[in-house]
Structure formats: C-alpha cells, structure tokens
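Please keep the structure in view while reading.

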Amino acid sequence: MIPSLSPNPIDDVRRLFTYPFMVNALAAGTIVAILAGVVGWYVVLRRQAFASHTLSVMAFPGAAGAALAGLPTALGYYVACTAAALAIGRAGRSPGAAAGRRGQVGESAVIGTVQTVGLAAGFLFLSLNHSVLGGPETLLFGTFLGITSGQVLVLLAVALAALVALTALARPLLFSSIDPEVARAGGVPVARLDALFLIVLGLAIAATSQLTGALLVFALLIAPPAAAHQITLRPLAGLLLSVALALLTIWLALAIAYYSIYPVGFYVTTIGFVLYVLARAAGRIRRR
Amino acid sequence: MFAHEFVRNAWLAGTFIALACGTIGWFVVLRAQVFAGDALSHVAFVGAIAAAAAGVDERIGLFTLTLALAIGMGALGHRARADDVTIGISFAWILGIGALLLAVLATSAAGASGITTANTLFGSIYSLSASDALLAAAIALAATAGILAATRPLLLSSLDPELATVRGIPVRALGLAFLAALAIIAAESTRAVGALLLLGLIAAPGGAAAVLTARPYLGVALSASIAVGAMWGGLALSYAIASLPASTAVIGLAACAYAGAGIWSRLARRRPHDTLLSAGESG
C-alpha cells in the first residue's frame, strides 16, 4: 500500500517518522550523506570520479560473494571495496590530481580492468547462487526498506572512523591533492596519502551503497560536492556546503520515495543532477 | 563444440566484437577516455530497458541512447573530451532513470523483466540468433574499418592536439566521431558481453598493449589480438565448464593478459626500455 499525501504538509512530514523502518532509513541516510559530502568533496577536488565509480561498483561482487559464502552482506561490501581500493592504489601508482597525462593513461586502464573483473566475479557468484539473491536489481539500484537499527550502528561507527581519519589527514591531503609535486618536495608522503584516501573512499562507498545501491552511490558522492565546488572554492565552506547539499538530496529523496512506488535511487540521482545544474548556472552568473 | 548452431553464432559475433573492442580499446587507453567508455557501456543498459518499456526493438534503445550520450559528452567537453565530473553526474542520472524504468516495467508488465535485465547487464552471447550474430559481426567490422582508416589523424590528434590543429586535422570533429564509434561498439557489444562487463574488453587489452609496446601499429594489433584471444579462450572455457558464464571467462582472461603484461614488462625492464607508460611510472 502506498501512503497518500494529505493537505497538511506538517502532518505528512510527521508521518514519515511513524514507522521504525523509515526512522532507520532517515538515520542511515543522514549518516551516509555527511560521510559522502565530506569524502566526495575530496574526490571532486582530486578528479577521482572514475576510481570512486569503480569502488562503488565493487559493492555488487561483495554482496554476491558474501551471499555465496553465507556471510553477512555488509561484511562483503566492506571487504570488496577495501580490496579494490588497495588494488587500484597499488597498480595505479600516482593517482594524484595533477598526475601527468602519461600517468593517467595507465591509471584509467587499471581502474577499468579492476572494475570489470569485480563485476565479472560478482556475476559468477550470482550465477553460482541464483536462488538466494533473487535478482541483481536490488544490489545495483538499492532499497531503503530493510535497514535495521544494528546496521545503522555499524554505519555510524564506520562513518565516524572515516571522518576522524579524514580530519587527521585534512591538511596534508588538501595540499597533496592540489599540488602533488610541491607537496612531495615539501616532505608530504603523497603516495601513502593517495593509498590511505582510496581506503577511506572504499569504506565510505561500502557504507553508502547499502542504501542507494551499487550503481547510484556515485550520485550522492559526486553531485553534491561538484555543486559545492561550482559555488565556492574555499575548502571549509565548500565542505560544509557539500554536506548540506548531500543531506538535502537524501532527505528529499527518502521523503518522496516514501510517498511513491518508485525507487529511491531515481530520486537521489535526479535531485543530485538538478542541484549540480543549478549550481553550475549560479556559478556562471556570479562569475560575470 | 561447433556442432551446435548457438555456439557457431557466439563465435562469429564474439570474434568480431572482440576485434572492434580491442582496436578501439587501444585508442581509448591512449586518449585516457576509459571513463567515457565506461559511461557509454553502462548507459547502453538503460537504453535496453527504455526500449523494453516503450515496447520497441532493443537495438533502437541501445543505439539511440549511447549515441546521444556520446554526442552530449563530446559537445560539453573541451576538444570533445568531457571532464570526469560531468561524465559522472550525467551518467549517474541516466542510471537513475534506468532504475525508474525498471520499476515501471516491474509494476506494469509483471514477469520476465528480471531475466532481460540480467541478460543486458551481463550479456548472453549464447542466445544470439544467426541473423543477430551476422549483424553484430558486420557492425563491428565496419566500426573497426572506420577506426583503422582514420588511424593516422586520430593518432596525431590524440598525442598532440595543437600540432594536429596546425596540420589542418579537425580535432574536435574527430573526437566526436571517435566517441560515436565507441558508442556504436558499446551498443552492439552489450547484447553479447553485457553492459557492465564490456569495459573489460576495451580497457584490459588496450592497457596490456600500452604496457608492452610504444609503437602505435604494433600496439593496435596487439590489443586486438589480446581481445580476440580472450574472447576465444573465454568461449571455449565456458563451453567446457557449464557453471562458468561466458562473459566472466572472457573478462577474466583479458584481465589476466593485462596483469601478465604488467609483470612481463617489469621483468623485462632491467635494461632501459621505451614504453608508453614508462614516463608515468618514474614518479
């Protein structure tokens, strides 16, 4: 049954909180949005959209593999995303923002290969074990219905760990993202930072994809931060704006999805896309 | 093995699709447009879903949407190369629309949509009919021929756009045409290899060839042969092992070739060795 809108908007908002599953979804969404807003801001700064897309897709083999091995799905997400982050970090050598064109030639081929190998493995797991998962759609496009309070607690712990790590790394990471050459000359361990950031990114994506699905994490991770980058170049303001936009995206998407029969992933991507287009337009007008 | 018609069809379509993917893959890796190829191949899936929702032939949806995205990316980007955030956001949105269409399909025509989805996402090369296979081979061959015909200007405009412009090569139009060729190959290969796995057949052989040699013609030939080899090996393996899906086997072999190329070139680089990637690895 689909709940219908009443004429009273305050009442509609209150009704969102009547079911425990909705409260869990909103709590998980809030945690995920804060995490994605912060991590995504660095992703956009470092031009690592492709790497983060690849890591987000890893959720699929992770979940399929965990189901095959009889382990909890969430564990599969975290293991697969971290493993892929390590693989990209090891093989990609210099994934810094300002890596030369020749560096990127090798890197993007590595990322693409890691991505398809992961997906192919996921497909293999799925076809070995078709009865349990039903179909790939939920894994790829997500659902917010089945989130338990235990999952919310795990999410909170992972998000806190990732945010603490990012806060500790914030200044050297910013430096090495903007100008890796100078940072290296100044004694910042750029290569180690790159690898660490990829691992944090993997954790953040594993957390997010449980809500939005493997293919659409990306919308939450890229669209709000990219919109923030269009509006301001100041790091702290940009980070806060990015988190605010991510929160707006996920809250709106969850509220609309509650009152409709269509998947939350569609609303997340659409709102993210609209925000980015608006921010681009605003940035262009302001620059005149 | 070749006594069955579906196996013959799979080998026919697979060989030429792999040839096209391997050929264009070398240029995709050279131009660092793997992410664009990724976006095109994922969007192909949405095209197939949209065609199913509209009740038209799958191929119409595949080709329309991939070509539209190719032209859009080319138009938005500098020198017909879109930057990765633009690619990421637009294709995430298209995937979101795909999720919506999937839900629309599931609620309206209950039934076989799940199988179609799995087939479009991961490919089912053994379900191609004889005419499908012939058409796929013809399109792939035409795309390969087009790229080979444009090799020299494409090479120059990829490596040195300024010089190419001075020499009178239409760099922007060539970039657009390249993306369009990539879109056509992506749309056609989706039916065989699958929207999610296609990228492996483009990126892995191209990457392997780029690691092994810096010479362009040798690189293209190497990339195409690795792709075809992976396709043949994968088809044979999946025929021998029933539980192994064909696309998984193909991608697995292509990735092994890439990893092997990386290890081989590291071992061979005891003496200074000039490859496309050696400059990037010194940092």
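## Overall architecture

Chain A contains 14 helices and zero strands. Its elements, read along the sequence, therefore give the pattern α-α-α-α-α-α-α-α-α-α-α-α-α-α. The model is a predicted one. Of the 288 residues in chain A, 54% count as buried. Among the contacts of chain A that join residues at least 6 apart in sequence, 75% are between residues at least 24 apart.

Chain B has 13 helices and zero strands. From the N terminus on, the order of elements in chain B is α-α-α-α-α-α-α-α-α-α-α-α-α. Chain B has 283 residues, and buried residues make up 56% of them. Of the contacts in chain B with a separation of 6 or more, 75% involve residues 24 or more positions apart.

## The largest nonpolar core

In soluble globular proteins, nonpolar side chains tend to be buried together. In this model, the largest nonpolar core has 196 residues. Which members of this core touch the most other members? They are A:Val32, A:Val39, A:Cys81 and A:Ile222 from chain A, together with B:Leu182, B:Ala227 and B:Ala254 from chain B.

## A buried alanine in chain A

A:Ala223 belongs to helix α12 of chain A, which spans residues 217-231. Is A:Ala223 buried or exposed? A:Ala223 counts as buried because it has 33 C-beta neighbours inside 10 Å, and the cut-off for this class is 20 or more.

Leaving aside neighbours within four places in sequence, the contacts of A:Ala223 include A:Gly272, A:Phe273, A:Leu275 and A:Tyr276 in chain A. A:Ala223 is also in contact with B:Ile89 and B:Ala92 of chain B. A:Thr269 is 46 residues away from A:Ala223 along the chain, and the C-alpha atoms of the two are separated by 8.2 Å.

## Helix packing in chain A

Two packed helices are described by the angle between their axes and the distance between the axes. Helix α12(A) packs against helix α13 of chain A, residues 235-258, at an angle of about 135 degrees, and the axes are 8 Å apart. This angle makes α12(A) oblique to α13(A). The two helices cross in a right-handed manner.

On the side of α12(A), the contact is made by A:Leu220, A:Pro224, A:Pro225, A:Ala227, A:Ala228, A:His229 and A:Ile231. On the side of α13(A), the residues are A:Gly238, A:Leu241, A:Ser242, A:Leu245, A:Ala246, A:Thr249 and A:Ile250. By class, this contact has 10 nonpolar, four polar and no charged residues.

## Helix packing in chain B

In chain B, helix α2 (residues 34-54) and helix α10 (residues 198-212) pack with their axes 9 Å apart, at an angle of about 165 degrees. The two helices are therefore roughly antiparallel, since the angle is over 145 degrees. The crossing of α2(B) and α10(B) is right-handed.

Which residues of α2(B) meet α10(B)? B:Val34, B:Gly37, B:Asp38 and B:Ser41 of α2(B) meet B:Leu198, B:Leu199, B:Ile202 and B:Ala203 of α10(B). The contact has five nonpolar, two polar and one charged residues.

## Residues in loops

The loop between α2 (20-45) and α3 (49-57) of chain A holds A:Arg47. Although A:Arg47 is not a glycine, its phi is positive, at about 55 degrees. A:Arg47 is partly exposed, with 18 other C-beta atoms within 10 Å. A:Gln48 also lies in the loop between α2 and α3 of chain A, but A:Gln48 counts as buried, with 28 C-beta neighbours inside 10 Å. A:Gln48 and A:Leu196 are 148 residues apart in sequence, and their C-alpha atoms are 14 Å apart in space.

In chain B, B:Ala32 is located in the loop between α1 (5-30) and α2. B:Ala32, a residue other than glycine, has a positive phi near 55 degrees. With 21 C-beta neighbours inside 10 Å, B:Ala32 counts as buried.

How values were computed: Residues are numbered from 1 along each chain as its sequence is written. Chains are lettered from A and ligands numbered from 1 in the order in which they are written. This is a predicted model: local features need pLDDT of at least 70, side-chain atom pairs count only at pLDDT 80 or more; totals for chains, interfaces and linings use all residues. A nonpolar core is a set of buried Ala, Val, Leu, Ile, Met, Phe, Trp, Tyr and Cys residues joined through C-beta atoms within 7 Å. A residue is buried if 20 or more other C-beta atoms lie within 10 Å of its own, exposed if 12 or fewer, and partly exposed in between; C-beta atoms are placed from the backbone. Axes are lines fitted to C-alpha atoms, for helices over the stretch in contact, and angles run from 0 to 180 degrees between N-to-C directions. Helices (H or I, at least four residues) and strands (E, at least two) are DSSP runs, numbered from the N terminus. Angles under 35 degrees count as roughly parallel, over 145 as roughly antiparallel, 65 to 115 as roughly perpendicular and the rest as oblique. A crossing is left-handed if the near helix is turned anticlockwise from the far one by less than a right angle, and right-handed if clockwise. Two residues are in contact if their C-beta atoms, placed from the backbone, lie within 7 Å. Ala, Val, Leu, Ile, Met, Phe, Trp, Tyr, Cys and Pro count as nonpolar, Asp, Glu, Lys and Arg as charged, and the others, Gly among them, as polar.
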